[in-house]
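I'll take a few minutes on one model, starting with a pocket and then moving to a chain contact. Please have the sequence and the structure open.

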Amino acid sequence: MLLVRVDMIRGRSPENTRAIADAVQQSLIDVLKIPERDRFQIIALDAGLGFERTTSGAVIVHIFTQHGSTTRDKQRPYRTLAQRLAAAGVDGKDLFVSSFENGPEDWSFADGRAQYVEGDLAVPGH
Amino acid sequence: MLLVRVDMIRGRSPENTRAIADAVQQSLIDVLKIPERDRFQIIALDAGLGFERTTSGAVIVHIFTQHGSTTRDKQRPYRTLAQRLAAAGVDGKDLFVSSFENGPEDWSFADGRAQYVEGDLAVPGH
Amino acid sequence: MLLVRVDMIRGRSPENTRAIADAVQQSLIDVLKIPERDRFQIIALDAGLGFERTTSGAVIVHIFTQHGSTTRDKQRPYRTLAQRLAAAGVDGKDLFVSSFENGPEDWSFADGRAQYVEGDLAVPGH
């Protein structure tokens, strides 16, 4: 299970915002084989982003997931994100990705249950 | 000390937004025994959330806290959040909680001081 | 490389928002010696912040960086942030800072490459 947060600067069209969100989701399906319906995204349109290298195009993707991935596991989604976001009009220079990890006990996906530790779901990769 | 971030989709009434924020705070007081005045919440109303299972009701709660909690310590706030948020009109299916931990040296609550390591405050649980 | 997220309550003037963003960036240049052009900031103006000790002035700074810093390394930016933000009109009581760390393999700064592990950039401090 993954939670993704995408920060962009206010001003994009709804269609482009949606295309970017779809490209992010499809990248994770391609690479990490998450189920298509596991779509947990926060799309935030911020006041501004202090990116020196761009004026308004920056897209910052935070991937929140469980520990246990190898370095190679992490590199693949970066590349796929760049490719799929290019098709949504995002220049590679504007794409910033950062991953943060925690444990199986740190997630509750619904109903206040800790699905991984209460046995409702198998921990991925175990 | 806890920092909580609540992401919701834009469009809720101010009253409902406030009821949700209050329910989150009360859950943490109930379960984690934080002092009533330690209320550090970010309430973000986002452009949209790519939740497949809902259209507009999703509430994502991030709990940022220090390491040292057991798995059982973490499960209890999830359950209490679900109960208290139900009273604020949030369906359990729309509640997503995730916890992230760091250390005592990673917090400054005021005035640029690192209160736990400079001796202003005792580290919780120690 | 650092990513900074600054959450403030909606309602500040663009000039003051900019002064705060600049003060944060300058603090990190002063203390952590990051290159001037490495400015990666998310500036979020939120619906509200449940801070008991203030009504509208709260500024929450999240510093996302790589592990390897000492406790002393972390204390210095807190103090400098408080000093520089005071000059931008932010009361020390309203400043909340929290740091989160991950590894060199957790960052892609452009083009879908993991610059630290693919050899494009040296890992800071190594």
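In the lining of the largest pocket, α2(B) is the element that gives the most, with five residues. Helices here are DSSP runs of H or I of at least four residues, strands are runs of E of at least two, and both are numbered from the N terminus.

Before going on, the conventions. This is a predicted model, with local features needing pLDDT of at least 70 and side-chain atom pairs pLDDT 80 or more, while totals for chains, interfaces and linings use all residues. Residues are numbered from 1 along each chain as written, chains are lettered from A in the order written, and side-chain values use heavy atoms, without hydrogens and water.

Back to the pocket. The lining has 36 residues, and B:Met1, B:Ile34, B:Thr65, B:Gln66 and B:Pro124 lie nearest the centre. Two or more residues each come from α1 (14-32), β4 (59-66), α2 (71-87) and β5 (95-102) of chain B.

Now the contact between chains B and C. Chain B puts in 24 residues and chain C 26, contact meaning heavy atoms within 4.5 Å. The rule finds four salt bridges across this interface, each a side-chain nitrogen of Lys or Arg within 4 Å of a carboxyl oxygen of Asp or Glu. C:Lys93 forms a salt bridge with B:Asp111, where the closest N and O atoms are 2.5 Å apart. On the side of chain B that touches chain C, the elements giving two or more residues are β1 (3-9), β2 (41-46), β5 and β6 (107-108). Of that side, β2(B) gives the most, with five residues.

Terms used. On a 1 Å grid over the protein atoms alone, a cavity is a set of points where a 1.4 Å probe fits but cannot get out, and a pocket is an open set with protein on both sides within 12 Å along at least five of seven lines; lining residues have an atom within 4 Å of a point.
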